[in-house]
Amino acid sequence: MNEKLAYLWGPLTAAGLIVAAIVAVVDQASKLWLLYVFDLGAKGQVHVAPFTDLVLTWNTGISYGWFQQDGPLGQWALLALKAIAVALLWIWLARAGTKLAAMGLGLIIGGALGNAIDRFVHGAVVDFVLHRPSREDRTRIRGTGIDRGTMPAKRGRDVLDCSVG
């Protein structure tokens, strides 16, 4: 491999990117089904479990709806920030020394890619899971991927050891 690009590829990069691709595909497929087949927007709030409902929400900000951006400039700025975050996560993935860390980073990258696709296609992130009792905690598979991905990434011994090889 070209030594100038060695920082983009490590022994576990392919595994992490496969996880990222799976998460992004499942994320998009679930949202397309909920939007256009199940028609969640027309159904309103759908009760699915004692503490969980499906509710369509268009998030124009970041996590938990912070920093809402209604204009195109703000949306493109968030999309650019997302691209930078994915690039930095990819570099971290290339340096991952354990499978657990690589899978965790793959979950985070896949969730971020799902967000980026939403922002590019819809101008907002499609959120649809409402966990009660907190009515402000709206998330979806992307959020689950990011949340679950940070745990193994944090637990991998190589989190603080970013040496290549």
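Leu32 lies in helix α1, where helices (H or I, at least four residues) and strands (E, at least two) are DSSP runs numbered from the N terminus. The model is predicted, so local features need pLDDT of at least 70 and side-chain atom pairs count only at pLDDT 80 or more, while totals for chains, interfaces and linings use all residues. Residues are numbered from 1 along each chain as its sequence is written, and side-chain values use heavy atoms, with hydrogens and water left out.

**Surface**

Leu32 is partly exposed, at a relative accessible area of 44%; buried means under 20% relative accessible area, exposed over 50%, and partly exposed in between (1.4 Å probe, protein chains only). Together with Trp33, Tyr36 and Val37, Leu32 forms a nonpolar surface patch of about 470 Å² accessible area. Patches consist of residues with over 30% relative accessible area and no salt bridge, like charges being joined within 9 Å and nonpolar side chains (Val, Leu, Ile, Met, Phe, Trp, Tyr) within 5 Å. A salt bridge is a side-chain nitrogen of Lys or Arg within 4 Å of a carboxyl oxygen of Asp or Glu. Accessible areas come from the Shrake-Rupley method with a 1.4 Å probe, and for residues only the protein chains shown count as cover.

**Whole chain**

The chain holds 5 helices and 4 strands, arranged along the sequence as α-α-β-β-α-α-β-β-α. Its overall values are as follows.

| Property | Value |
|---|---|
| Buried share of the 165 residues | 41% |
| Accessible surface | about 9,500 Å² |
| Share of that surface from carbon and sulfur atoms | 68% |

Of the contacts (heavy atoms within 4.5 Å) with a separation of 6 or more, 68% join residues 24 or more positions apart.

**Interior**

A nonpolar core is a set of buried Ala, Val, Leu, Ile, Met, Phe, Trp, Tyr and Cys residues joined through side-chain atoms within 4.5 Å. The largest one has 12 residues, including Leu12, Ala20, Val86, Leu105 and Ile109. Helices α3 (72-94) and α4 (99-122) each contribute at least two of its residues, and α4 gives the largest share, 6 residues. A second, separate core has 6 residues, among them Leu40, Leu54, Phe128 and Val129.

The 24 residues of α4 should span 34 Å at 1.5 Å a residue, and its end C-alpha atoms are 34 Å apart, which agrees; the expected span is 1.5 Å times one less than the number of residues. Gly123 follows α4 and has a positive phi, near 80°.

Gly10, in the segment before α1 (13-37), is buried at a relative accessible area of 13%. Gly10 and Ala94 are 84 residues apart in sequence, yet their C-alpha atoms are 4.3 Å apart in space.
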